[in-house]
Structures are given as structure tokens and as C-alpha cells.
Amino acid sequence: MIMNVETLPIEDIRTDLVVVGAGGAACRAAVSARAAGADVHLIAKAPMKTGGSTVHGASEIMSMGAAAGFGDRRDQPEIHFQDTMRAGRGFIDESLVRVLAEDAPKRIKDLIALGVPFDQQEDGNYRLIRSDFGTYGRAMGAKGKTGLAFVEALGKEMQRLGVVIDAPVMLLDIVRDRNGELCGVLAYDSERHRLLHYRAPAVVIGAGGMHGMFGQQVSTREMTGDGQAICFRHGAELINLEFHQFGPAMIHPYVQLFSKNIFVLHPKITNTEGEEFLPNYLPEGVTVDEVLDEKVFPFTISNPSRYLDIAMAREINEGRGTPRGAVNFSFAHVPDEELRRTSPNTYRWMAERGVSMREDMHEVGIAFQCMNGGVRMIGPDAASTIPGVYVVGETAGGIRGPDRPGGNSLAEGQVFGHRAGEAAAARAAASKHAAEAATFDESIDLIEASLNRQGGADLDAIASAIRDDMQRHCLVEKSEEGLQKALGTVLAGRREIEAGFAATPETLVEALSIRNLAQCAELVLRACLNRTESRSAHYRVDHPGEDDRHWLRSVLVQRVGDGVALSDFHYEPQEQQKAG
């Protein structure tokens with residue numbers, strides 16, 4: 001049924017559940033929900049396989065971790081659990097980590113059955129990667145573009161099962177009934193210029209991260225924290241927003257993060273003046289070779305490799321970087337054979353784009369990769385604190401703290417995507433009838449006002465200013481002064497946006513994306529300001545030490561009225577949870 005508001009038509013769609021996003025977690029949720037018998041609509045802001053970090057993520061070691069019995073017999077889900085807890089204890093939900101470790105083997109075997117071409121050795125066994133914080137090699141990849149392989153396989157399965165894919169369609173808001181429970185989703189079809197009102201008792205939000213907040217990032221800019229911002233406005237709890245991952249990445253002629261395989265080659269790193277600047281930043285007793293040999297992605301203060309990121313960021317911020325905001329890497333001194341052997345995927349990807357890894361100069365900046373926090377999952381089915389709303393992938397929080405084993409991100413998406421899909425399908429099956437929408441008019445009013453307004457906030461200028469300040473003050477080196485400056489920029493932009501902005505049917509997606517971007521930037525900055533210590537990638541130059549006495553805890557961020565409230569949150573050990 002199609003109705004009309006003053007400016008745009010509204011298409012009314014009844015379904016069992018809506019999945020938001022087109023990455024690994026969202027696609028897994030759609031497959032599992034449909035397999036459980038639910039009528040599923042998947043909506044994606046960008047066309048399938050064109051947006052998001054799952055599809056665009058690529059590195060030498062992009063992989064999924066699972067103790068699935070393919071490697072060392074001593075490696076068991078219990079060891080995977082212990083590795084993850086060791087990296088994040090005090091900041092993550094132990095019961096969720098247990099589920100992750102125990103379910104990951106099942107989910108990776110599902111992917112094998114769906115045809116994901118995991119890398120194999122000459123003997124036919126799977127090639128296993130021992131990732132950061134991992135006791136054993138358990139992570140499996142697919143030629144460095146593992147996420148894309150997942151989405152391709154899951155996409156074929158969605159098609160086979162009959163999942164309805166609506167894209168490009170942006171999530172605008174969730175719709176709740178008088179009891180505060182979800183009863184629908186409001187979205188926008190940016191090609192047909194019409195609003196879509198999905199009447200459904202459940203939604204799985206896997207809309208990705210907040211990459212669009214930063215000037216440099218390794219994914220696609222349409223990820224502006226839409227899921228996080230919408231859930232925040234509806235009162236959901238968000239957690240661990242001060243912890244995010246970033247590090248060196250090639251930014252031209254294409255974007256790709258640089259993992260350890262790149263740095264063990266000891267690239268020559270220079271600023272635009274031709275100076276090898278890294279020695280200027282090293283304390284006595286630390287050598288360039290030590291920094292490069294220990295360099296990992298992402299940035300962490302836990303070993304001497306931190307000096308490289310610090311040096312690069314300062315050179316760029318002080319004007320000795322390239323116009324694109326980078327320094328120069330050269331591998332001209334490395335034999336071609338060694339480049340091929342050590343970094344085969346990177347060598348191949350560059351060649352496919354007409355770039356010589358050995359002969360060309362490469363622009364490398366500091367790029368955002370992943371938000372470790374998000375909307376808090378409150379149980380093993382990935383439910384949020386809003387009844388009927390499930391959160392997965394980078395939208396979710398509670399299982400990623402300051403650090404995490406490599407390979408866990410893709411595993412989380414598959415494990416909790418599956419569980420959320422099944423739980424949402426069960427909720428839909430138990431729902432007798434569609435509840436009356438109580439918040440729909442409020443959502444429509446904002447859209448109508450923007451479409452009927454002339455002038456208002458300069459959204460492009462606001463977004464540009466936020467990205468510049470987030471890049472400069474909310475990545476490598478954080479301080480009270482810098483974070484407050486960035487927060488001032490964000491709050492000024494938010495005031496302009498809330499005072500009113502103009503949009504057309506053609507620009508509505510971009511306008512509402514910038515509104516969400518500004519909202520999320522405020523939440524992240526407040527969380528970073530609140531944590532007055534340094535831990536892993538959260539490096540406060542004005543509080544350089546790790547402070548377990550005061551800060552071995554998470555921070556919840558939640559809406560209170562029109563403001564933001566921050567509160568301490570302690571994850572109880574599982575033994576205490578059982579006793580309680």
C-alpha cells in the first residue's frame with residue numbers, strides 16, 4: 001500500500017523482520033532468520049557488495065578465528081575463550097565471549113559448506129594464521145579479502161532462500177509502540193525517492209561502524225554510525241566507545257591497511273622533505289629496527305611499535321606530510337622475490353591496479369579501521385536494551401574491549417549474526433499482530449521539515465570540519481585540549497543541524513547521514529574525554545599511564561533527555577553471574 005505525506009510517497013510493507021546492513025554479520029542474520037521460516041527484508045544503504053568494511057576490508061591476514069579442529073590439537077574453544085578474555089578482561093561480557101568461542105567452529109564450517117574458498121596449503125590442509133593475542137594458529141582467510149568472500153557466499157544463499165533485498169535503502173529510524181517495543185522501521189529508497197514503512201516486530205541492525213567520521217579510513221564513507229545514532233536516540237545503552245582501532249594504511253591510489261607483513265620488510269619511511277623522521281621520535285634504547293619488527297595493526301601503546309604511528313601523525317599534523325595527509329613509504333631496497341614471498345596479496349593487489357610495490361612511492365596515512373564499542377548486547381541472542389532490536393557486527397558492543405585477538409571480528413559477525421537472526425525470527429513467530437506505532441509521526445516530522453525548508457545548516461561544511469578534527473585529535477594522540485576542540489566543533493555543528501537543515505529527495509540520505517555522524521562523534525569524544533588514562537589504542541598524552549586502580553571498567557553512554565549521560569559499568573565474572 002502506498003500513501004503520501006506532503007512531499008514523499010510512503011510504501012507500507014508488512015514483514016516478519018528487517019535486517020539492516022549488507023556486511024558479513026547482517027547477511028548471516030538474514031540467512032539464519034530466513035532458514036528459521038521468517039519472511040525477511042534486508043535493507044542496505046549501498047548496493048550489495050559495494051559498501052561496508054566487510055566487503056572492502058583487505059589485508060595480508062584478514063581472517064576469521066575459530067578453534068575448529070583444523071590446526072594444533074591442543075587448540076580448543078576454551079583456549080580461544082581464554083585468549084579473548086586475556087585481551088579484554090574487565091571490558092567485555094564473559095558470557096558472550098564463551099558463546100563466541102564455542103560457536104565459531106560451527107559457523108566457519110557453515111561457510112565452508114557454502115563454498116567460501118579458504119586458503120589451503122600445498123598438502124591440502126587449511127592455512128592457519130596465528131593472529132595477535134592468539135595462542136595457536138586458528139584464523140582462516142581467503143586471499144586477504146575474506147570478508148568479501150563471506151558476503152558473496154552468504155549473498156548466494158540469501159538469493160536461494162528468498163530473502164528480499166532492498167537496496168540502496170537507508171535506515172532512517174526505528175518505530176516503537178506505546179510500550180517502547182519495536183514495531184517497525186522507517187527507511188528511504190534513494191533511487192525511487194520514497195519512504196518505506198516496514199511493519200515488523202523485530203529488526204537486526206548490522207549497519208556497520210563510524211568510518212565516515214574520520215578524514216582517512218579503510219572502508220567506505222557511507223558508514224556514518226546510523227545504527228548507533230538511532231539506537232542512542234531511542235535510549236539504548238552504548239559501551240566502550242573510547243576504544244577504536246586505526247593505524248598505517250596506504251591511501252593512494254587505493255586504500256589498504258598495512259599489517260605486520262609490510263613492516264617486517266623495513267620500508268624506507270620519509271616525509272615530504274625526504275627526511276627519514278622516525279629516529280627523531282625514539283627514546284634512548286629503542287631502535288628503528290625494533291619498532292618495525294614489532295609493528296602490528298592496529299596502533300597500541302603496549303609495545304615500541306607505537307612510536308611509528310606517533311611519528312607519522314605528528315609529521316602529517318605539523319605540515320610535513322603530503323597534500324593527501326600521508327608520509328612516503330618505499331620498498332625499492334627490498335628484493336622483488338622477498339616482497340612476493342612476504343606480502344603476496346599486497347604485491348598482487350598493487351600489480352592489478354598498475355602499481356609497482358618495489359618501484360613506486362606509496363602514500364601512507366593513519367586510517368580508522370574499526371570501532372570496538374557500540375550498542376550494548378545484553379545476551380547471547382544479540383538483543384539490545386530496546387525490546388525487538390538486535391545488534392550485530394560493528395554496530396554492537398560488549399565483546400570488544402581495548403584489545404582483541406585478530407580474527408575475532410569476522411567470527412563475531414557470523415556467531416551473533418546467526419543467533420540474532422534466529423532470535424528475531426522466533427520473536428516474529430510469537431507476535432500475534434502488529435502493534436500500533438507510537439513514534440512514527442515524530443520520525444516523519446523531521447523529514448518533512450527538512451524537505452520543506454530553504455537554507456539552514458551547511459551540512460557539507462559541518463561534516464568536513466568534524467572529519468578534520470576527529471582525524472587530528474581523536475586518533476593517535478589524544479589530549480584534553482584536542483578532544484575539547486573537536487567536541488566544540490561537533491557541538492557547534494549539531495546545534496546548526498538541530499536548528500534546521502534543508503534537503504531534497506536527492507540529498508536526504510546525505511543530510512541524515514551527516515546528522516548521525518555528528519551525533520556519534522559527540523558520543524565518541526565524550527567517552528574519550530572521560531577516560532583519563534592510556535590503554536591500548538586509547539593514548540592520552542596528558543594521562544600516559546595505564547590506571548587499573550581507577551579505570552579497569554567500561555563506560556556506558558546513554559541519552560538522558562536531550563543530553564548525554566556517562567556511567568561506570570562493570571562486567572561481572574561468569575561465576576558471579578551464575579551465583580547471582
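**Note on the predicted model of a 580-residue chain**

1. Confidence. The mean pLDDT of the protein chain is 94, with 97% of its residues at 70 or more; pLDDT is the predictor's confidence in each residue, on a scale from 0 to 100. Residues 575-580 have pLDDT below 50, and beyond near neighbours in sequence this stretch makes 4 contacts in the model, a contact being heavy atoms within 4.5 Å. Where pLDDT is low, the predicted coordinates should not be read in detail.

2. Conventions. This is a predicted model, in which local features need pLDDT of at least 70 and side-chain atom pairs count only at pLDDT 80 or more, while totals for chains, interfaces and linings use all residues. Residues are numbered from 1 along each chain as its sequence is written, and side-chain values use heavy atoms, with hydrogens and water left out.

3. Overall form. The protein chain contains 18 helices and 22 strands; these are DSSP runs numbered from the N terminus, helices being H or I of at least four residues and strands E of at least two. The radius of gyration is 23 Å, close to the 25 Å that the globule rule gives for 580 residues, so the protein chain is as compact as a globular protein of that length. That radius is taken over C-alpha atoms, and the globule rule is 2.2 Å times the number of residues to the power 0.38. Along the principal axes, the C-alpha atoms fill a box of roughly 65 × 55 × 55 Å.

4. Burial and contacts. Of the 580 residues, 60% are buried (buried means under 20% relative accessible area, exposed over 50%, partly exposed in between; 1.4 Å probe, protein chains only). Among contacts between residues at least 6 apart in sequence, 73% join residues at least 24 apart.

5. Helix α11. This helix spans residues 344-352, and its buried residues are Asn345, Thr346, Tyr347, Trp349 and Met350. They pack against β13 (244-252), β14 (256-257), α7 (260-263), α10 (336-342) and β17 (362-371). Just after α11, glycine 354 adopts a positive phi of about 75 degrees.

6. Valine 392. This residue is in the loop between β19 (389-391) and β20 (396-397). Valine 392 has a relative accessible area of 1% and is therefore buried. Leaving aside neighbours within four places in sequence, the contacts of valine 392 include Ala25, Ala26, Val204, Ile205 and Phe416.

7. Cis peptide bonds. Most residues other than glycine have a negative phi, and most peptide bonds are trans. The bond from histidine 252 to proline 253 is cis, with omega near 5 degrees; proline 253 lies in the loop between β13 and β14. A further cis bond joins phenylalanine 297 and proline 298, with omega about 10 degrees, and proline 298 is placed in the loop between α8 (288-294) and α9 (306-317).

8. Histidine 266 has a positive phi near 55 degrees and sits in the loop between α7 and β15 (268-270). With a relative accessible area of 23%, histidine 266 is partly exposed. Serine 536 also has a positive phi, of about 55 degrees, and lies in the loop between α16 (508-530) and α17 (548-551). Serine 536 is buried, its relative accessible area being 5%.
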